[in-house]
Amino acid sequence: MEAHIHLAAMQACLGEPDILTKPEDMAPYCIDQRRRYKGNAWAVLLPRSVAQVQTILRYCHTHNIPITPQGGNTGLCGGATPLASLNGKGFLLAMGRLNRVREVNTADNTITVDAGMILAQVQQAARAADRYFPLSLASEGTCQIGGNIACNAGGLNVVRYGTARDLVLGLEYVLPNGTLVSHLQPLHKNTTGYELRQQIIGSEGTLAVITGATLKLYAQPQSVQTAWIGLNSIQAAVALLGAVKNRFAERLSSFELISDQALALSAQYSQHTPPVAAAWHVLLELTDSLPQAALDDPLIEVLSAGNWLNAVIAQSDTERQHLWLLRENISAAQRHLGASIKHDIAVPIAQVADFIETCAQAMDKLHPNTQLVIFGHLGDGSLHYNVFLPHVLNNAVYDFETDINATVYEQVLAHHGTIAAEHGIGQLKTHWLTKVRSTEEIAWMRAQKDHFDPHHVLNPGKVIPATD
Ligand SMILES: Cc1cc2nc3c(=O)[nH]c(=O)nc-3n(C[C@H](O)[C@H](O)[C@H](O)COP(=O)(O)OP(=O)(O)OC[C@H]3O[C@@H](n4cnc5c(N)ncnc54)[C@H](O)[C@@H]3O)c2cc1C
């Protein structure tokens, strides 16, 4: 009965085609992309305007109705899936129909877009204006810029351009009580009191719903050089990173580390031959906004000086795409293999080698037959550290999660790292937050949540640990 009344109110706000209520229509929204979390809702709401988002949030706030914001649903921590314990009460707010470019401003080098735009479309709109938007992830064909900002996404180009947080100049968002906060000016400087924008960025839809953003654009790279280097140790990969950074500075835009196991999986899945044989692999890319910047000779000099000669330098755009495909297909290849315990961690670059060695020893003690699939953005110290138990390749692997997580995170913390580098906390890691943030910090987070969302209706059960 309760649901019936609230559905009628949403129908009045949105109109029939923008509400999904049939289980088969709602199903893809109600399960996360790893197929680990399932939730439900009275309906999936698909607003087409910021005013509709305001009306929906105001209504949910007034009537104490849980509402879960969702972008492209590519998140890896269950943040966009309604909590199962809500038993289907509430709404899911899917942002994909709010997807226009609002303005491209080539004087200020910015683009202003709706939050529901797919990341690849934002990149395309920048390209159409002869500019470059550097945020890039393997999920860019599906994830939305609002979701990227809500998670403070990282991806492949952080070493040069920073995370989503560094690329947002202006933000528009709706608070749980329906109030619109809009600062979409393309200002590179603005010191007017506390920076609220940065508080919303990375808050995973728990403080506000992001509806628009003004993003930084850059000159398009005109020269690109991509290389794949095989190495026999992580220490060699870290040394190579230091040498390349030292020589190329900001021209280094990506520096990805890939273990042999990760490459073997991806090569089989992609039906491509690995470029070289080695225990560890680096995929690096150098870019310059000047045409014919002749990046290859100095790259060959660096590789020769360090004796890093088990290498392939892409000679054409097709070769470059093949190298990147091997990197970008690792996630899909893992999914094909089965379920694993995934970790999105970062440690200081100087500690990466020791972390990987010590953690492998600890994992071996815990489960002697684990298969570790390690890859990630070594250029910024973040790694995907995924643990497969070859005898349990389905969701039963999560029964082993507590011990495996404890082992990995103990090593991460011993190496001064973080348990969430770029995927956020969602519902997956709320209980780990107390291990990495102080009691005072968590109390401050709770106070912020209480202030923004006093009825706790917006994305309940995410980020902040439940009180006992
Ligand atoms: C193959 C693959 C590769 C990936 N690679 C990377 C990578 O390299 N780097 C990286 O950082 N991540 C990566 N991810 C994770 C994921 O793609 C990112 O976290 C992405 O930023 C999520 O965007 P989304 O639109 O899919 O958000 P969703 O999954 O829909 O939501 C994520 C969180 O943001 C909230 N949210 C979504 N939209 C809004 C909004 N408009 N307002 C407020 N809150 C909102 C949701 O409530 C949820 O808490 C990868 C995922 C896959 C599947």
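Predicted model: local features only at pLDDT ≥ 70, side-chain atom pairs only at ≥ 80, totals over all residues.
## Domains

The protein is divided into four parts: domain 1 (2-94), domain 2 (101-216), domain 3 (223-331) and domain 4 (338-424). Between the C-alpha centres of domain 2 and domain 4 there is a distance of 30 Å. These two domains are in contact, with eight residues from domain 2 and eight residues from domain 4 taking part. On the side of domain 2 that touches domain 4, five residues are nonpolar, two are polar and one is charged.

Strands of a sheet pair through backbone hydrogen bonds, and the pairing is either parallel or antiparallel. Here, four strands form an open sheet with mixed pairing, in the order 1-2-4-3. Strand 1 (19-20) and strand 3 are the edge strands, and each of them pairs on one side only.

Strand 2 (residues 43-45) pairs with strand 4 in the parallel sense, over three bridges. Across this pair, Leu45 stands opposite Leu93 in strand 4. Helix 1 (residues 2-14) packs on the sheet and touches strand 1, strand 2 and strand 4. The direction of helix 1 makes about 25 degrees with that of strand 2.

## Two asparagines with positive phi

Most residues other than glycine have a negative phi. Asn73 is not a glycine, yet its phi is positive, at about 60 degrees. The residue is placed in the loop between strand 3 and strand 4 (91-94). Asn87 also has a positive phi, near 55 degrees, and is likewise a residue other than glycine. Asn87 lies in the loop between strand 3 and strand 4 as well.

Is each of these residues buried or exposed? Asn73 has 22 other C-beta atoms within 10 Å, and a residue is buried if that count is 20 or more, so Asn73 is buried. Asn87 has 10 C-beta neighbours inside 10 Å, and a residue with 12 or fewer is exposed, so Asn87 counts as exposed.

Ser233 is found in the loop between strand 10 (223-231) and helix 9 (234-248).

Which residues are in contact with Ser233, leaving aside its neighbours within four places in sequence? They are Ala279 and Trp280. Gly170 is 63 residues from Ser233 along the chain, and the C-alpha atoms of these two residues are separated by 43 Å.

Terms used:
Residues numbered from 1 in each chain as written. Domains from an automatic or database assignment. Contact = placed C-beta atoms within 7 Å. Nonpolar A, V, L, I, M, F, W, Y, C, P; charged D, E, K, R; others polar. Pairing = 2+ DSSP bridges. Axes fitted to C-alpha atoms, helices over the stretch in contact; angles between N-to-C directions.
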